[in-house]
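Subject: A structure for you to look through

Dear colleague,

I am passing on a structure for you to open beside this message.

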Amino acid sequence: MTTPTPAGTPAAPGSIDEAPDEAPVEASGQMSHREVLEALSGLLLAMFVAMLSSTVVTNALPRIVSDLHGSQTGYTWVVVATLLSMTATTPIWGKLADLFSKKLLVQSALVIYSVGSLIAGLAPNMETLIGARVVQGLGVGGLTALVQVVIASMVSPRERGRYSGYIGATFALATVSGPLIGGLIVDSPLGWRGTFYVGLPVALAAFLVLQFKLHLPVVKRHVDIDYLGATLIVGGVSILLVWVSLAGQQFDWLSPATAVLVALGVAVIAAAVYVEARVAVEPVIPLRLFKDRTTSLATAASVLIGVSMFGATVYLSEYFQNARGMTPTEAGLMSVAMVGGLLVSSIVTGRIISETGLWKRYLTGGMVLVVIGLGLLGTIDADTPLVEVGAFMALLGLGLGATMQNLVLAVQNNTAQADMGAASSVVSFFRSMGGSIGVSALGALLSHQVTQKVTDGLAALGIEGGHSTGAIPDLDALPAPVRSLYEGAFGDATGHLFLVATPFALLAFVCILFIREVPLRTTLDHQDAAIGNNGAVDQGVDAGAGVRTGVR
């Protein structure tokens with residue numbers, strides 16, 4: 001099996017070794033279908049854990065925030081904390097995957113996730129819970145990035161479409177079962193704390209399966225991790241997210257505090273770009289990857305999809321519970337509509353892409369459905385028939401299922417194996433960053449609109465103050481007129497969130513239109529089939545500029 005070494009670095013004897021417990025890999029570098037499925041079972045369990053970490057808690061959030069006396073801002077940051085730490089560490093995990101044992105890294109991510117889950121389940125207040133969610137996000141960032149990287153190391157892009165159906169099915173299963181399981185646990189004697197423990201047995205099973213079934217060559221070379229760049233990236237994004245979350249509540253949008261936070265955030269991000277371009281020996285986000293047109297456009301589309309998808313859909317559970325008076329279990333059942341569409345489209349498009357090698361038409365069609373679905377959801381309020389809401393959600397799910405995984409696949413198809421970890425994680429990084437921005441910004445919008453509508457409504461009822469703060473009340477304890485006021489405010493505000501998210505999805509559609517389609521190659525790396533800038537496939541050429549290959 002050929003393994004790239006850094007440019008300009010001679011291949012030292014013993015620099016590429018297989019771990020003692022690793023099984024031999026076929027001479028062609030390809031694993032058999034059975035070997036892939038055995039290893040894939042552990043990876044899918046790990047992915048299930050990553051997805052479950054957010055979906056199982058979704059329907060518990062209103063109850064959590066109420067029990068811990070949190071506010072709408074607290075609700076937002078329980079989600080953003082995980083997304084932000086996941087975003088910050090995704091490229092680091094991807095870079096580590098190019099340097100160390102991928103199996104060990106996945107297992108480490110599972111352990112970190114488990115520790116965060118235990119702390120979250122024991123959290124006595126919102127501050128501790130948000131901190132625990134940061135730890136969870138560190139593990140989820142590793143699982144999100146590494147599963148894609150390991151699969152890319154096992155099978156070629158053309159064959160990857162064959163297995164993307166399994167990935168889509170796992171994603172859908174976690175997304176469907178998560179809210180349902182979470183709702184049932186919240187309504188059971190275990191309470192909301194049980195939602196943080198439910199993933200632990202699955203994490204343990206994934207750890208053990210990977211230990212015995214995943215066998216990959218281990219690359220050993222000099223390690224130079226870009227800690228400064230990673231710190232600056234997460235610092236800059238965090239500062240801007242803090243500004244978006246607090247502006248309009250703790251201080252005015254146009255104020256000295258806004259000027260300071262925005263200027264500081266932009267300056268830190270600019271410093272991160274400089275470090276990545278000029279200082280870092282092995283940057284956490286290699287800027288040279290963006291010389292490839294597909295990578296640049298797919299990354300831009302991923303940011304916009306993250307803003308629109310995460311930013312809007314994360315508040316659907318709050319809509320069903322606070323605007324429609326549903327229990328957590330009933331809210332979980334409503335999510336089946338969207339995830340059912342996602343399940344169908346991800347499996348069907350994955351198999352078709354594997355058979356034909358063509359993928360752009362499904363990306364394009366998927367984004368059309370996403371735009372239409374978001375636009376229709378922008379019309380909902382507290383009185384919209386649930387059948388209509390479910391239909392709109394199913395349409396959005398069909399679009400997302402055909403879009404998200406295929407964007408990563410398009411980038412991997414144009415990337416040399418030496419950069420597979422970094423390139424795969426870059427797409428996930430920017431999608432998660434878009435999600436963090438979307439959740440934070442739209443959460444601030446939701447909080448502002450609900451507070452404003454409730455304040456005006458209470459004044460019309462002759463009630464001053466009282467329920468008009470940013471805290472989320474227990475609706476069951478409110479008088480009927482006040483409860484109706486809150487439900488109407490949450491319903492109207494949620495519809496507005498989808499309207500705000502729709503233009504971002506439309507811009508993502510434009511980015512996808514300009515991506516040049518290159519048929520999926522049937523080899524594992526570019527040294528067998530390199531893809532040039534003109535989209536042609538050249539046999540026997542190594543596409544990684546300056547990358548030397550050594551044969552083991």
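Helices (H or I, at least four residues) and strands (E, at least two) are DSSP runs, numbered from the N terminus.

Before going further, please note that this is a predicted model, in which local features need pLDDT of at least 70 and side-chain atom pairs count only at pLDDT 80 or more, while totals for chains, interfaces and linings use all residues. Residues are numbered from 1 along each chain as its sequence is written, and side-chain values use heavy atoms, with hydrogens and water left out.

The pLDDT, which is the predictor's confidence in each residue on a scale from 0 to 100, averages 77 over the protein, and 81% of the residues score at least 70. Confidence is highest in helix α14 (residues 360–377), at a mean of 92, and lowest in strand β6 (residues 548–551), at 34. Over residues 1–29 the pLDDT stays under 50, and the model has 61 contacts beyond four places in sequence for this stretch, a contact being heavy atoms within 4.5 Å. The pLDDT is also below 50 over residues 527–552, a stretch with 62 contacts in the model beyond near neighbours in sequence. Where pLDDT is low, the predicted coordinates should not be read in detail.

The protein as a whole

The secondary structure comes to 18 helices and six strands. Of the 552 residues, 58% count as buried, which is to say under 20% relative accessible area, with exposed meaning over 50% and partly exposed in between (1.4 Å probe, protein chains only). Among contacts between residues at least 6 apart in sequence, 82% join residues at least 24 apart.

How the helices pack

Helix α4 (residues 102–121) and helix α7 (residues 200–213) pack at an angle of about 165°, with their axes 10 Å apart; axes are lines fitted to C-alpha atoms, for helices over the stretch in contact, and angles run from 0 to 180 degrees between N-to-C directions. The two helices are therefore roughly antiparallel to each other (angles over 145 degrees count as roughly antiparallel, under 35 as roughly parallel, 65 to 115 as roughly perpendicular and the rest as oblique). Residues in α4 including Val106, Leu110 and Tyr113 meet residues in α7 that include Ala203, Phe207 and Leu210.

Helix α4 also packs with helix α5 (residues 126–154), at an angle of about 160° and with the axes 8 Å apart. Here too the crossing is left-handed.

For helix α11 (residues 316–323) and helix α15 (residues 386–401), the axes come within 13 Å and cross at roughly 175°, so that these helices are roughly antiparallel to each other. Leu316, Tyr319 and Phe320 in α11 meet Leu386, Val389 and Met393 in α15.

Ala205 lies in helix α7 and is partly exposed, with a relative accessible area of 30%. Ala205 and Leu45 are 160 residues apart in sequence, and their C-alpha atoms are 7.5 Å apart in space. Glu330, in helix α12 (residues 328–334), counts as partly exposed at 39% relative accessibility, and 9.3 Å separates its C-alpha atom from that of Asn59, 271 residues away along the chain.

With best wishes

Methods:
A crossing is left-handed if the near helix is turned anticlockwise from the far one by less than a right angle, and right-handed if clockwise.
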